[in-house]
Amino acid sequence: MQFARTLPKELVHRAAIAEVFLTDAERHGEDEMRLAAQLPRLHPFYDDVLGPRTHHDPLLLLEACRQGIFVVAHRYLDIPLGHKFLLRAVEYEVPEPAALVRGDTPAEAVIGVRVEHRTRDRTGVTGLRLRFTAAIGTRQALLARIDYVWMRPQAWTRLRAGQRRALGLSDPPVALPGRPLDPGRVGRRNRANAVITPPHTAHDGVRTARLVAATTHPTLYDHWVDHVPGMLELEAFRQLALTAALVDGAVRAPTALPVRLRARFRRLAEMDLPLECRTAPVVPGADIECTLHQPGALVAEARIGFADRDPAGPAGALASLAAHARV
């Protein structure tokens, strides 16, 4: 597979070439594909980390897989570029944390893709569940599944109009203002990369914060969409769960990596309604449960597990903590 140039940005639904991580795609049968990805050495969002940048962010590899869902649909199922896509569920685990250790050159990942399920209606295939196996060199760096659907632009317009009308919202949506928490609390240097407000902890241990949707963010809002993107919802879960894990002693530092995640998206998140992110009380040894709510509705839910980066040995602490659970 080649790593010399990126795939066309339109094919992976990105506006900026710098946000395209896939460099190649091959088909190896009806249900098997392979993707190639080059991971940037210093990405302004995924590599914004306090302290030494010892490991690649698992969510960066997940984003490469997410870009792959469009390649499979457009290139191999002939779904037109104008169709709209919705995430239904995402899950991943890091089976070999040492594979995430950064080197002196850009990391090149080969991602195996398998179609596990096809969603159909009377018009044909309308969605897929894909299994991804991402390897860097000889090591498995990420195992993931993404379940998603697509629809014609006319159907999308009806869906969006119906949901917004039911919520009493008008067009165009304008994101609610909000001031994010100190980025250092979630292991970031740049305040623009903090996506939740300062959290509040209730007497029962439930933590809450508002999601801040900054529509000018060059990665999370690479191009305009009229709702909160799924990857922004996952980042809000990561950041609030991280604050909980840190306060309760489940991790030592705010630079801990999210080595496991399982999320389900229930409905589109409206950026012009308050979006409250919640974590259940932290249970020692268990992944942290998170939910996202807008008035009157559950938007998304997730479970996320962390592992500290070990400055004495980059893979050691991660390996010991990641080994006890599987997606």
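Leaving aside neighbours within four places in sequence, Gln67 is in contact with Val12, Arg14, Glu19, Val20, Phe21 and Leu22, where contact means heavy atoms within 4.5 Å. This is a predicted model, in which local features need pLDDT of at least 70 and side-chain atom pairs count only at pLDDT 80 or more, while totals for chains, interfaces and linings use all residues. Residues are numbered from 1 along each chain as its sequence is written, and side-chain values use heavy atoms, with hydrogens and water left out.

Gln67 sits in helix 1, residues 58-76; helices (H or I, at least four residues) and strands (E, at least two) are DSSP runs numbered from the N terminus. With a relative accessible area of 0%, Gln67 is buried. The cut-offs here are under 20% relative accessible area for buried, over 50% for exposed, and partly exposed in between, using a 1.4 Å probe and protein chains only. Two backbone atoms are within reach of the Gln67 side chain: the oxygen of Glu19 at 2.8 Å, and the nitrogen of Phe21 at 3.1 Å.

Glu19 turns up again with His43. The side chains of His43 and Glu19 are joined by a polar contact of 3.1 Å, a polar contact being a pair of N or O atoms within 3.5 Å; within protein, one atom must be able to donate a hydrogen and the other to accept it, and residues adjacent in sequence count only if both atoms are side-chain atoms. A polar atom of the His43 side chain also lies 3.2 Å from the backbone nitrogen of Tyr46. His43 belongs to the loop between strand 2 (32-39) and helix 1, and it is buried because its relative accessible area is 3%. Setting aside neighbours within four places in sequence, the contacts of His43 are Glu19, Phe21, Asp48 and Thr219.

Asp31 is another loop residue, placed between strand 1 (22-27) and strand 2. Its relative accessibility is 21%, so Asp31 counts as partly exposed. The Asp31 side chain makes a polar contact of 2.8 Å with the side chain of Arg118. Neighbours within four places aside, Asp31 is in contact with Val113, Arg114, Val115 and Arg118. For Val94 and Pro258, the separation is 164 residues in sequence and 8.8 Å from C-alpha to C-alpha. Val94 is in the loop between strand 3 (84-93) and strand 4 (107-121), and at 1% relative accessibility it counts as buried.

A few backbone details are worth a look. The peptide bond from Asp171 to Pro172 is cis, with omega near -5 degrees, and Pro172 lies in the loop between helix 2 (153-166) and strand 7 (200-201). His13 is not a glycine, yet has a positive phi of about 60 degrees; this residue is found in the segment before strand 1. Asp78, also a residue other than glycine, has a positive phi near 60 degrees. Asp78 occupies the loop between helix 1 and strand 3, and is exposed, with a relative accessible area of 61%.

Now for the chain as a whole. The secondary structure comes to four helices and twelve strands. For 327 residues, a compact globule would have a radius of gyration near 20 Å, and the 19 Å of the protein chain agrees with that; the radius is taken over C-alpha atoms, and the globule rule is 2.2 Å times the number of residues to the power 0.38. Along its principal axes, the C-alpha trace spans about 50 × 50 × 30 Å. Of the 327 residues, 53% count as buried. Among contacts between residues at least 6 apart in sequence, 68% join residues at least 24 apart.

The accessible surface of the protein chain is about 14,100 Å², and 52% of it belongs to carbon and sulfur atoms; accessible areas come from the Shrake-Rupley method with a 1.4 Å probe, and for residues only the protein chains shown count as cover. The chain has 43 positive and 36 negative side chains, and the centres of the two sets lie 2 Å apart. In this count Lys and Arg are positive and Asp and Glu negative, with His and the chain ends not counted; the place of a charge is taken as NZ of Lys, CZ of Arg, CG of Asp or CD of Glu.
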